[in-house]
Amino acid sequence: MDLVFSDIHADMDGLETILKIALSPEFEEKYGKISRIINLGDLLERGTGPKEVLQKIQGLSKTYPVISVMGNHDESVLYKKSISGSSFASARAHELLSEQDLEFFHQNKDGTFGEQQIIDAKNKLLCVHGGPLDPKKITKEGGDPWLYQKTWQRLSEENNEFYSYYGYHYRASSAFEEGKTKLENFIILCGHQHIEAAIRQNQNEITNIWPFQPVTEKIESFVVHKREFEIDKTSNYLFRVGLGGPQGHHSGGFAKPHFGVIQHDPKKVILFGLE
């Protein structure tokens, strides 16, 4: 079973909370044993514990296979680009990161870091931070080319696609069409927008399958909301995982950690959020 999270944002408390729940004997008895970890990007920025978060992920990688894609805030640190939203304490903590601390993000031969997208063909998973569209295929409307990348793409809340200073906004239909060039009957996993979403494509019909009312339960000492999705083997899906690290909340509000798991036999996606 896969543990999936996104947007930890240098929040060690948020990461530790997710791990305490998902790796607990009670969780394992109810849902299964975690055998792999999928990070959908943005381990860095906004929070104040980047060194601790990176050390923890490095440590986990010695016990579990870890799939990890780049987020726009990870790129901001590695490429020394500026994104608003970090406090002075957060900025200072990131300035103190050493090259050794950042070794988790492997450098590619072309000088870039990490992976914009990872495809697990066996389990039919397409993992990205923001969106799966090929930036080369997008009709550019000006602006910063960085904001068209997969790390910046975001699911559109409108019925059209457009560029803004928040990134390139894509329709679910475009995401599914891009996914079909790589896989059949697949699941797209993304994060970035800090809000959960669940969309299914059956043939050419696209449906929002997000249930309004979650199921509430207690695991360890935590009260969590969960939503379960049984996967139809003839459909395509897009699941957006919520904010993993509350310190990443742009307004500094009362956010809670979110994460998900993927069971593979039978296939089911379960998304969790703390109360």
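This is a predicted model: local features need pLDDT of at least 70, side-chain atom pairs count only at pLDDT 80 or more; totals for chains, interfaces and linings use all residues.
Residues are numbered from 1 along each chain as its sequence is written. Local features need pLDDT of at least 70, side-chain atom pairs count only at pLDDT 80 or more, totals for chains, interfaces and linings use all residues, and side-chain values use heavy atoms, with hydrogens and water left out.

Helices (H or I, at least four residues) and strands (E, at least two) are DSSP runs, numbered from the N terminus.

| Element | Residues |
|---|---|
| α1 | 12-22 |
| α3 | 50-60 |
| α4 | 72-78 |
| α5 | 88-95 |

The axes of α1 and α3, which come within 9 Å, cross at roughly 30°; axes are lines fitted to C-alpha atoms over the stretch in contact, and angles run from 0 to 180 degrees between N-to-C directions. The two helices, α1 and α3, are therefore roughly parallel (angles under 35 degrees).

Three strands form an open sheet with mixed pairing, in the order β6-β8-β7; strands pair if DSSP finds at least two bridges between them. The edge strands, each pairing on one side only, are β6 (154-155) and β7 (162-164). Strand β8 (residues 167-170) runs antiparallel to β7, joined by three bridges. Tyr-163 has Tyr-168 in β8 as its bridge partner.

The lining of the second largest pocket has seven nonpolar, six polar and six charged residues. Here Ala, Val, Leu, Ile, Met, Phe, Trp, Tyr, Cys and Pro count as nonpolar, Asp, Glu, Lys and Arg as charged, and the others, Gly among them, as polar.

Note on methods:
Angles under 35 degrees count as roughly parallel, over 145 as roughly antiparallel, 65 to 115 as roughly perpendicular and the rest as oblique.
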